[in-house]
Amino acid sequence: QWLFDADPEGKMNLAIFLDARAIAGDASLLANASEHALNLATGSLSYMARMASAIQQFSEPASGWWGRITKLQSSEPDTFDLKKIGTFPIVHGARALALEHRLETLGTAERLQALANLQALPAPLVRDLIETLHLLMALKLRNNLRQRSLGQPANNLVQLSSLGTLDRDMLKDALSIIKQFKQHVRLHYRLEA
């Protein structure tokens, strides 16, 4: 079902499964199943394109906080999901490209660097993506610590009003880099066709 069903959740489940590593039991069982699934998935560029298309499932809002990211013009507590607009497109786009090239690396930064080494991604874009990923991870950590100090549950929702000018400027640049990467993935897999 993960391979051939039309449900987009199946593609995500397969991608997550292919990232799995055995920690107990007979590791060859997982290795054999992963190899079989990988052979089926990477044998079809159209399948890889459907898998990669998940980067488009969370898009930037056309208005609202997005348009006001560099200066707050509202007292409303605008929130955005840092994972959906930030880390997910980087992590999943790198995962799809790494699967296509059959890379064994698991970490996103390591995958991006390996893709640059193969010249599957431009080195300057990889550098910017890794910096963006680290920025988003730091922003998430600071946000989660702020939420915990306020007695709130930690989650991926960030209030734009909680960010200072420097954070908003860096976030704006980070989102621009993510947009470039998403465009690269869209062109590579011909997702607009």
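So, Asp 19: buried or exposed? It counts as buried, because its relative accessibility is 17%, and the cut-off for buried is under 20%. Keep in mind that this is a predicted model.

Where is Asp 19? Look at the loop between helix 1, residues 8-18, and helix 2, residues 27-42. And what does Asp 19 pair with? Let's take its partners in turn.

Arg 95 makes a salt bridge with Asp 19, and their closest N and O atoms are 2.9 Å apart. Arg 95 sits in helix 4, so to speak across the chain from Asp 19: the two are 76 residues apart, and the pair links distant parts of the chain. Both of these residues are buried.

Then there's Arg 111, which also has a salt bridge with Asp 19, with 2.3 Å between the closest N and O atoms. This one comes from helix 5, and here the pair is 92 residues apart, again linking distant parts of the chain. Arg 111 is buried as well, because its relative accessibility is 4%.

How many salt bridges does the structure hold? Six. One of them is between Asp 167 and Arg 142, with the closest N and O atoms 2.9 Å apart. Asp 167 is in helix 7, residues 165-188, and Arg 142 is in helix 6, so this pair ties together parts that are 25 residues apart in sequence. Asp 167 is buried at 18% relative accessible area, while Arg 142, at 41%, counts as partly exposed.

Gly 107 is 12 residues from Arg 95 in sequence, and their C-alpha atoms are 9.1 Å apart in space. You'll find Gly 107 in the loop between helix 4 and helix 5, and with a relative accessible area of 27% it's partly exposed.

That loop also holds Arg 102, between helix 4 (82-100) and helix 5 (108-117). Check its backbone: the phi of Arg 102 is near 55 degrees, a positive value in a residue that isn't glycine. Why point that out? Because most residues other than glycine have a negative phi. Arg 102 is partly exposed, at 35% relative accessibility.

Gln 119 is another non-glycine with a positive phi, about 65 degrees. It's in the loop between helix 5 and helix 6, which covers 123-149. Gln 119 counts as exposed, with 71% relative accessibility.

Notes:
Residues numbered from 1 in each chain as written. Predicted model: local features only at pLDDT ≥ 70, side-chain atom pairs only at ≥ 80, totals over all residues. Heavy atoms only, no water. Helix = DSSP H or I, 4+ residues; strand = E, 2+ residues; numbered from the N terminus. Buried < 20%, exposed > 50% of the residue type's maximum accessible area, 1.4 Å probe, protein only. Salt bridge = Lys/Arg side-chain N within 4 Å of Asp/Glu carboxyl O.
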